[in-house]
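Biologist: I have the sequence and the model open side by side. Please pick one part, look at it closely, and tell me how it sits against its surroundings.

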Amino acid sequence: MTDHQLRFVIMMILINLNPETDLERKKRLSVETMNTYSKECGIPMHELRSLVEQMTKEAEAITDWVKRKVEELEARQVGI
């Protein structure tokens, strides 16, 4: 992953982690970020979309893993 790609990923994470930002604003900021990075860094839009898709899949996998671990812990506590 290049420096520009890493910066893009971090920016997208920061935009979407802010609980005070409504969904419409998150979408607008995400699109603006994609357009800006594509223009300024020369990263093709399809590559940025691919990064977003990859980040989403990885976040879903992590979320699923955490949910399973929480369920396992809760099941153990019930058995105690």
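**A close look at helix α2**

Modeller: Happy to! Lys26, Ser30, Thr33, Met34, Tyr37 and Ser38 are the buried residues of α2, where buried means under 20% relative accessible area, exposed over 50% and partly exposed in between, using a 1.4 Å probe and protein chains only. Viewed along the axis of α2, these residues fall within an arc of 125 degrees, so they line one face of the helix; the arc is taken over the directions from the helix axis to the C-beta atoms. Helices here are DSSP runs of H or I with at least four residues, numbered from the N terminus.

A word on the basis of all this. The model is predicted, so local features need pLDDT of at least 70 and side-chain atom pairs count only at pLDDT 80 or more, while totals for chains, interfaces and linings use all residues. Residues are numbered from 1 along each chain as its sequence is written, and side-chain values use heavy atoms, with hydrogens and water left out.

Back to α2. On its other side, Glu24, Lys39 and Glu40 are exposed. Between these categories come Arg28, partly exposed at 41% relative accessibility, and Val31, partly exposed at 46%. The C-alpha atom of Arg28 is 10.0 Å from that of Ile15, 13 residues away along the chain. For Val31 and Met12, which are 19 residues apart along the chain, the C-alpha separation is 9.7 Å.

What about its length and ends? The 19 residues of α2 should span 27 Å at 1.5 Å a residue, and its end C-alpha atoms are 26 Å apart, which agrees; the expected span is 1.5 Å times one less than the number of residues. At the start of α2, a side-chain oxygen of Asp22 comes within 3.1 Å of the backbone nitrogen of Glu24. After α2 comes Gly42, with a positive phi near 75 degrees.

The loop between α1 and α2 holds Thr21, which counts as buried at 13% relative accessibility. Its side chain makes a polar contact with the side chain of Asn18 at 3.2 Å. A polar contact is a pair of N or O atoms within 3.5 Å; within protein, one must be able to donate a hydrogen and the other to accept it, and residues adjacent in sequence count only if both atoms are side-chain atoms.

Now for the partners. The buried residues of α2 are covered by elements that include α1 and α3 (45–79), with contact meaning heavy atoms within 4.5 Å. For α1, the buried residues are Gln5, Phe8, Val9, Met12 and Ile15. They cover an arc of only 130 degrees around the axis, which puts them on the same side of α1. Leu14 and Leu17 are exposed on the other side of α1.

One meeting point deserves a zoom. Rings of Phe, Tyr and Trp (its six-membered ring) pair if their centres lie within 6.5 Å, and planes under 30 degrees apart count as stacked, over 60 as edge-to-face and the rest as tilted. By this rule there is one aromatic pair. Phe8 and Tyr37 form it, edge-to-face, with 5.6 Å from centre to centre and 65 degrees between the planes. Phe8 lies in α1 (residues 3–17) and Tyr37 in α2 (residues 23–41), so the pair ties together parts 29 residues apart in sequence. Phe8 is buried at 0% relative accessible area, and Tyr37 counts as buried at 15%.

Leaving aside residues up to four places away in sequence, Phe8 touches Thr33, Met34, Tyr37, Leu48, Leu51 and Val52. Finally, the largest nonpolar core has seven residues: Phe8, Met12, Met34, Tyr37, Ile43, Leu48 and Leu51. Its contributors of two or more residues are α1, α2 and α3. Such a core is a set of buried Ala, Val, Leu, Ile, Met, Phe, Trp, Tyr and Cys residues joined through side-chain atoms within 4.5 Å.
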